[in-house]
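Hi,

Here is the structure I promised to pass on. Have a look at it first, and my notes follow below.

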Amino acid sequence: MPDSRHNLEVPAAAVGQQAAHRPEPSAQAGSPVTTRPHGYARYRLDGCRCYTCGYACSRYDENRTKAITAGTWQPWTDAEPVRTHLRTLQSCGMGLRTIATTAGVERKRLQAILNGRTERGTKPQEIIRPALAAAILAVEPTLENLAGATLISPLGTRRRAHALVAAGWPQQHLAAHLGMTPSNYGAMLERPNVLARRALDVRAMYDALWNAYPAEHGATPAGITRARRHAAAHGWAPVGAWDDDTIDDPEAFPDWTGQCGTHRGDKAHRRIGLLPVCEPCREARIAYRRELKQARQAVAV
Ligand SMILES: [Zn+2]
Ligand SMILES: [Zn+2]
């Protein structure tokens with residue numbers, strides 16, 4: 001992905017529009033509506049950042065990293081961490097068939113690790129070859145791996161869809177691009193979850209359109225202006241405020257000014273007339289002032 005999208009047009013697009021950027025609705029970090037229990041799947045798919053989910057995620061990372069390292073020097077390796085990894089993938093809605101295909105191994109090898117070979121009356125494997133372990137441990141639940149009908153957090157989907165509107169794409173064009181009716185498209189963005197396959201579609205659309213000109217794709221000047229105003233009025237962050245690597249991360253926030261989240265952000269907002277100052281900038285400023293005060297007190301003592 002080209003880097004140029006970053007900070008491409010934030011100030012330019014925002015100046016003079018008096019964008020009232022409020023935080024995003026319900027999609028912000030927190031506990032989204034879902035039936036998944038708190039744990040790794042919920043961390044990964046629903047973007048839950050509660051303590052339980054965060055702990056499960058660090059356990060997952062630890063288990064996987066340790067197992068990968070262990071497999072690099074022994075002729076046989078412990079099957080238990082691989083079993084744990086398989087169960088975690090299953091908890092994310094990945095079937096054994098998908099895991100086997102992604103890992104490039106036979107499904108019965110996975111069954112032997114999980115349940116043993118019932119037809120031979122063997123128990124789940126205790127040790128496995130490192131190459132097999134490595135192939136399985138390499139599989140992670142990504143948008144491409146998940147079953148299309150898996151429900152996931154709509155956060156990244158909304159951010160992308162909204163950023164395109166901020167770039168002047170009328171929503172009916174985006175709906176048509178996805179082969180959806182405007183009302184279905186609108187409903188998709190309102191729901192507390194989105195289908196993994198829709199999230200993939202929207203991601204592909206974003207990658208195709210972020211740098212294209214709506215006018216060259218049939219949008220009228222009035223339609224483009226309306227789209228931009230709509231985005232500004234709703235506080236939707238433009239493409240340049242997002243990073244490809246973090247746009248799906250619940251903890252990421254849009255960088256409106258190029259300095260958001262730092263103590264300089266507050267001034268940057270005022271300089272380009274992008275008010276009100278965003279939450280991360282406000283917090284950074286308060287923290288910075290507190291530090292200054294403490295430093296001064298420390299000197300005075
Ligand atoms: Zn949680
Ligand atoms: Zn800011």
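I started with H13, where the buried residues pack against H14. Keep in mind throughout that this is a predicted model.

Which residues of H13 are buried? They are Gly265, Asp266 and His269. These residues sit on the same side of H13, because the arc they cover around the axis is only 110°.

Pro276 itself lies in the loop that runs between helix H13 (265-272) and helix H14 (279-300).

Stepping back to the whole chain: you'll find 14 helices and four strands in it. Of its 301 residues, 36% count as buried. As for contacts with a separation of 6 or more, 65% of them are between residues 24 or more positions apart.

Two packed helices are described by the angle between their axes and the distance between the axes, so that is how I've set them out.

Take helix H3 (residues 51-70) and helix H7 (residues 130-137): their axes come within 9 Å and cross at roughly 150°. An angle over 145 degrees counts as roughly antiparallel, and H3 and H7 are therefore roughly antiparallel to each other. The crossing of H3 past H7 is left-handed. On the H3 side the contact is made by Arg64, Ala67 and Ile68, and on the H7 side by Ala133, Ala134 and Leu137. By class, that contact of H3 with H7 comes to five nonpolar residues, one charged and no polar.

The other pair is helix H4 (residues 80-91) with helix H6 (residues 107-114), which pack at an angle of about 110° with their axes 9 Å apart. Angles of 65 to 115 degrees count as roughly perpendicular, so that is the description for H4 and H6. Their crossing is left-handed. Val82, Arg83 and Leu86 of H4 make the contact with Leu110, Ile113 and Leu114 of H6. What classes do the residues in the contact of H4 with H6 fall into? Five are nonpolar, one is charged and none is polar.

That's everything from my side for now.

Cheers

Note on methods: Residues numbered from 1 in each chain as written. Chains lettered and ligands numbered in written order. Predicted model: local features only at pLDDT ≥ 70, side-chain atom pairs only at ≥ 80, totals over all residues. Helix = DSSP H or I, 4+ residues; strand = E, 2+ residues; numbered from the N terminus. Buried ≥ 20, exposed ≤ 12 C-beta atoms within 10 Å, placed from the backbone. Arc of directions from axis to C-beta. Contact = placed C-beta atoms within 7 Å. Axes fitted to C-alpha atoms, helices over the stretch in contact; angles between N-to-C directions. Parallel < 35°, antiparallel > 145°, perpendicular 65-115°, else oblique. Left-handed = near helix turned anticlockwise from the far one by under 90°. Nonpolar A, V, L, I, M, F, W, Y, C, P; charged D, E, K, R; others polar.
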